[in-house]
Amino acid sequence: MLQDKRIVVGICGGIAAYKSADLVSRLRKKGAQVRVIMTANAQEFITPLTLRSISGYKVATDMFSCPQEWEIQHISLAQWAEYMVIAPATANFIGKVASGIADDLLTTTVMATKSTVVIVPAMNTNMYNNPIVQRNIQSLARDGYLFFGPASGSLACGDEGAGRMEEPSAIVEYMESLAAGKKDFENRTVLVTAGPTREALDPVRFLTNASSGKMGYSIAGAAAKRGARVILVSGPTNIEPPPSVELVPVVTAREMYEKVMHYFPNCDVVIKTAAVSDYRPAVYSGEKIKKTEGRFTIEMVRNPDILAELGGKKKGQVLVGFAAESTNVIDYARDKLRKKNLDLIVANDITREGAGFAGDTNQGYLLDAKGGIQQLPAMTKARMADIILDRVALLLGKDS
Ligand SMILES: Cc1cc2nc3c(=O)[nH]c(=O)nc-3n(C[C@H](O)[C@H](O)[C@H](O)COP(=O)(O)O)c2cc1C
């Protein structure tokens with residue numbers, strides 16, 4: 001998939017810079033044409049000579065010394081690139097690009113390119129979790145920059161946690177999947193639920209929630225792109241359904257229940273992002289309820305628990321739930337995963353900036369039935385959709 005692809009690898013000044021030599025070597029072995037840009041600080045960690053030997057080309061390091069073959073390096077490399085991959089990307093680099101600073105060859109080229117830019121962060125856990133860094137990542141993700149990693153584990157500084165650069169082999173796989181436009185859901189039927197439900201009190205009033213439907217629509221769109229037949233059972237939203245999905249509009253939780261149960265037996269995967277009302281008013285008034293003096297009490301009754309019922313009924317389907325919580329996020333999600341017999345659950349802390357309902361980004365954790373947990377740093381909902389589908393594809397692969 002990477003044969004003849006034109007890839008600029010940007011290297012920043014972090015401990016993981018030594019891994020970039022392996023990355024460049026692997027990309028070349030896949031047939032890619034690779035050019036390397038190093039920051040001044042990257043050269044403290046690994047020499048341009050090493051990267052020149054491995055890439056087969058002079059390494060670009062300085063904006064003001066133009067080798068003959070590139071008249072204005074940042075423009076020509078920016079135009080030449082089909083992909084840029086920045087690995088390792090330092091907190092400094094991420095901060096500069098997020099702020100529109102272009103004060104060296106790498107940041108200037110990133111700013112000038114129209115190519116797909118993949119940022120592979122690597123840094124100490126405390127740096128990575130620093131709210132400023134998280135804000136910068138979120139803002140870049142919103143602008144369409146792709147983030148790959150970081151992984152969790154023991155770091156060079158001795159700390160444990162998120163911040164390790166993803167391994168070069170994984171980066172190459174990711175680049176291949178980007179280049180391929182994966183079709184790993186061909187011949188699969190994926191049912192996605194999305195949006196809120198509405199529970200009417202009378203002809204003009206209803207109870208609902210703040211779900212925008214964006215996460216579910218992103219998953220539906222990504223699954224369709226990857227070759228799936230997609231059935232999108234959606235509550236009322238203000239967004240356009242993605243192309244090539246079968247939209248099944250519903251309003252109430254009971255309608256959603258009926259539609260989901262109807263399609264479920266013929267599905268391979270069910271991903272339930274919808275924020276379904278747990279309760280509905282016990283009585284629906286056919287007439288508009290009139291204002292009276294004093295308090296007004298609404299008696300509520302339980303709606304069916306769609307996810308729990310699917311968990312009880314599933315026969316080989318991969319079942320993915322979402323848990324939007326404001327406290328003990330991971331514990332609640334793990335409990336829901338177990339009680340409802342899910343295969344995967346995405347846990348969002350809705351109190352965190354850039355997570356949850358209305359925005360274009362999300363963050364949280366992906367938990368599996370074996371006790372595994374993967375942190376999902378701030379990223380676009382589209383990117384998160386692909387990460388979730390990657391995990392689902394692995395589970396489907398095991399079953400087939
Ligand atoms: C030994 C050492 C290791 C470092 N490792 C990292 C790292 O892994 N990630 C990071 O963001 N910064 C790291 N830094 C700090 C960066 O080198 C520093 O922020 C620098 O300004 C980055 O410059 P650049 O982004 O232009 O390459 C490290 C510094 C030193 C001295």
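Which residue stands opposite Val-269 in S13? It's Val-190, and the views below take in that spot and others. This is a predicted model, where local features need pLDDT of at least 70 and side-chain atom pairs count only at pLDDT 80 or more, while totals for chains, interfaces and linings use all residues. Residues are numbered from 1 along each chain as its sequence is written.

**View A. S8 beside S13.** Strand S8 (residues 189-194) and strand S13 (residues 269-272) run parallel, joined by four bridges. Strands here are DSSP runs of E, at least two residues, and helices are runs of H or I, at least four, numbered from the N terminus. Two strands pair if DSSP finds at least two bridges between them.

**View B. The open sheet.** Eight strands line up as S12-S11-S8-S13-S16-S17-S18-S19, with mixed pairing. At the edges sit S12 (245-249) and S19 (373-380), each pairing on one side only.

**View C. H4 against H7.** Helix H4 (residues 91-98) packs on helix H7 (residues 131-142) at about 50°, axes 9 Å apart. Axes are lines fitted to C-alpha atoms, for helices over the stretch in contact, and angles run from 0 to 180 degrees between N-to-C directions.

**View D. Around the ligand.** The ligand has 15 residues around it, with Cys-12, Gly-13, Gly-14, Thr-39 and Thr-90 the closest; a residue is near if its C-beta atom, placed from the backbone, lies within 6 Å. H4 gives the largest share of that shell, three residues.
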